[in-house]
Amino acid sequence: MPGGSGDQKRQHFKGAEVSCSVKYFLFGFNIIFWPFLPQLWKYGVLSNMASITDLGGFDPVWLFIVVGGVMFILGFAGCIGALRENTLLLKFFSVFLGLIFFLELTAGILAFVFKDWIKDQLNFFINNNVKAYRDDIDLQNLIDFTQEYWSCCGAHGPNDWNLNIYFNCTEFNPSRERCGVPFSCCVKDPAEDVLNTQCGYDVRLQGELDQQKYIYTKGCVGQFERWLQDNLIIVAGIFVGIALLQIFGICLAQNLVSDVKAVKANW
């Protein structure tokens, strides 16, 4: 009977269906990628990063551009794949996310194995920032933030500022900042409402004990290592959380692919 055949078809299709919760959860999961894109593109303003890194002429800005592009493509594939139930896009999203997870795991292992090389790169980076401090406003803001946040001065100490032509202590230096340090090295006085940008003038003409009253005397490399040790659980937790999110995204995509295949198999 025609009526009975229609009922059987309806019952047949009800046996396998795409989960709406998985579908829209995966869509929402991919939406969270896109707010990070402007932050990655923002780093493009550091146009001369290649000159302050020892990476064989490779400009790290390209790394931010590539990562931003990958995140856009990945988010697009996940969103459209979920909404349109496109198994090709979903598989692409799943495989690509798995590849990123593998690369992150590899990078973590390499960072642990080559930690001395990373420390040398950090030294090189900070010292080159010191040299170029007045040459680029973005680099200047970067090193000021670093020194204020970690309460440090230079890579290993205030004397690293001898690398800068404005702050070095040579007798031929005509700069008013001679034998000084940037204001970001200064110990902040809670009673001061207005930032004193001249607080570091001539401070390195004094003895080390006297310097400690006015400026930070510890290097940023050592302070960073200490911060990392003090916050190791938090840092590890963040990386584990990111890894779990990626695994969760892969599982959602694979689940949705299985649902779509099951529905198509019943056609």
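**Disulfide bonds**

User: How is the disulfide of Cys152 and Cys220 handed?

Analyst: This is a predicted model, in which local features need pLDDT of at least 70 and side-chain atom pairs count only at pLDDT 80 or more, while totals for chains, interfaces and linings use all residues. Residues are numbered from 1 along each chain as its sequence is written, and side-chain values use heavy atoms, with hydrogens and water left out. The torsion about the S-S bond of Cys152 and Cys220 is about 85°, so this disulfide is right-handed.

User: How many residues apart in sequence are the parts that the pair Cys152 and Cys220 ties together?

Analyst: Cys152 lies in the loop between helix 7 (137–149) and helix 8 (208–211), and Cys220 lies in helix 9 (residues 220–230). Helices here are DSSP runs of H or I with at least four residues, numbered from the N terminus. Because of these positions, the pair ties together parts whose separation in sequence is 68 residues.

User: How many disulfides does the count come to?

Analyst: A disulfide is a covalent bond between the sulfur atoms of two cysteines. The rule applied here takes a pair of cysteine sulfur atoms within 2.5 Å. Cys152 and Cys220 meet it with sulfur atoms 2.0 Å apart, and Cys169 and Cys179 with theirs 1.9 Å apart. By this rule the count comes to 4 disulfides.

User: Is Cys152 buried or exposed?

Analyst: Buried means under 20% relative accessible area and exposed over 50%, with partly exposed in between (1.4 Å probe, protein chains only). Cys152 has 0% relative accessibility, so Cys152 counts as buried.

User: What is the handedness of the disulfide between Cys186 and Cys199?

Analyst: A disulfide joins Cys186 to Cys199, with an S to S distance of 2.0 Å. Since the torsion about the S-S bond of Cys186 and Cys199 is about 105°, the disulfide is right-handed.

User: Which accessibility class does Cys199 fall into?

Analyst: Cys186 is buried, at a relative accessible area of 3%. Cys199 has a relative accessible area of 25%, so Cys199 is partly exposed.

User: Which pattern do the disulfides of the protein chain follow?

Analyst: The bonded cysteines are counted along the chain. On that numbering, the disulfides of the protein chain follow the pattern 1-8, 2-5, 3-4, 6-7.

Technical notes:
Helices (H or I, at least four residues) and strands (E, at least two) are DSSP runs, numbered from the N terminus.
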